[in-house]
Amino acid sequence: MAILGLSACGDSAPGPVDPVEPFGSITVQVIAPGVTAYGDITARVVWGEQNLTAAVDANGLAEVMIPEAVSGFGTLTLEPGPNEPMHPGWALMTPGDVSGGTAKIVLAPKNWTIESGDYAGTTVPIDPELAADSRVMPSFWGFYFPYSQDGFVQVVEDNSQWVGEIRSWPEGDFPIQVALDRPGSTGDISAADSVAFWTNIDAMESALGFDAFVPERIENIQILGGTRRPNHGILVQVDSTIPVRAFTRLNQPDPKIYSLSADARSWGGTFVEDLFLISADISYAVMDFDSIGFASDGQLVMHEFMHVLGAGHGCSWGSVQTYCASLVSTTPSAADVAHLAVLSELRQLERANGSRWGVLASIFGHRVVTLGLTPIPELNVLYGPISAPRDFFVAPSSSFLPARAQSPQRTSVPARVRPRRPR
Ligand SMILES: [Zn+2]
């Protein structure tokens, strides 16, 4: 058909210049929590020598025309003006994304106002970079990186392969059933332990501002075969054999449902070869405490239940998730509550819109556009927690690494989750 069109122009007089068709376009849909009319946001595609922009309209839509053919990877950035309420976004594009449907990008808010609970009315600045700081892995928003460890000091020694697990419970699952699993414990859990435990959960819910958990009798929880685990909900056990004070593990993520696996194994933009990221629902957790006295240690109980809700660790703000001494909080801090709420909100929007890019786009957008950094940290960045974790948190991402990324030494216990004894 193109040949027919050209031949139709073949008359003796000079005709109008034949229009040059662009190679294609990238259509972008911006989604930000609570925003109904979008203002000053520029969508930018950089691909080889091409650097192209389009304005995002009030509905959050933009179409960036791509004049020349592309190969390899390009980048899409969403660049809000300084007065806009959201952070920038950054996403890796492949040629299949050109004229390949709408790229839906969920952007994180710059600030989050807590609606209820102990911090009701408090507005917290949201910092995607700090939330992804993996000083004590995983980061608050669930990132890991390959590292070497000497005592309690971690050094980024190979950033070619990155893993992130962005996890939360579906909104409809709250409150989540929690059973004290006496049949699955190595020691007794007394009525007094139960009271102390639920007193701490109540204090945690007061900080969070919602009813996250509800007690359920173990007899009413469906237990699955194999390794003892619930079909849904949370089992709390005492296991005196664990080498740390507490050990929480979540269900395997189901990447078939909510995978956003951005597998960039041939991307040469920085040092990254493999980015493997999952955005997935949590459906159950099993939590072991090493001692019968766990229930009265409020900080430990709340710390583990923050893991259950999808939070990792952090040394970035005052937190119940930190091991950096001066930052330790005995209950979830306002920054904890707000960053957990944003994590959950972005996942809800990712799920509702079928977006590949949400939490991830916001972390990279903040690093690249706002801070002028590479999307992920350079080599030899040194992270040193002030003290060692007392717990052992497993979000079983290693089983979802691409085959290439599973080196032999990682097939047993991944280095990043090797338990360490407190000093
Ligand atoms: Zn922990």
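Residues are numbered from 1 along each chain as its sequence is written. Because the model is predicted, local features need pLDDT of at least 70 and side-chain atom pairs count only at pLDDT 80 or more, while totals for chains, interfaces and linings use all residues. Helices (H or I, at least four residues) and strands (E, at least two) are DSSP runs, numbered from the N terminus.

**Helix H3**

Select residues 191-208, which form helix H3. Next, colour Asp193, Phe197, Asn200, Ile201, Met204, Ala207 and Leu208, which are buried (20 or more other C-beta atoms within 10 Å of the residue's own, C-beta atoms being placed from the backbone; exposed means 12 or fewer, and partly exposed lies in between). Viewed down the axis of H3, the buried residues fall within an arc of 110° (taken from the directions from the helix axis to the C-beta atoms), so they line one face of the helix. On the face turned away from the buried side, select the exposed residues Ala191, Ala192, Val195 and Asp202. Just after H3, Gly209 takes a positive phi of about 90°.

**The three-stranded sheet**

Now display the open sheet with strand order S4-S1-S7 and mixed pairing (two strands pair if DSSP finds at least two bridges between them). Strand S4 (61-66) and strand S7 (102-106) stand at the edges with a single partner strand each, so one side of each has no neighbour in the sheet. Finally, select strand S1 (residues 24-31), which runs parallel to S7 and is joined to it by five bridges; Val30 has Ile105 in S7 as its bridge partner.

Technical notes. The expected span of a helix is 1.5 Å times one less than its number of residues.
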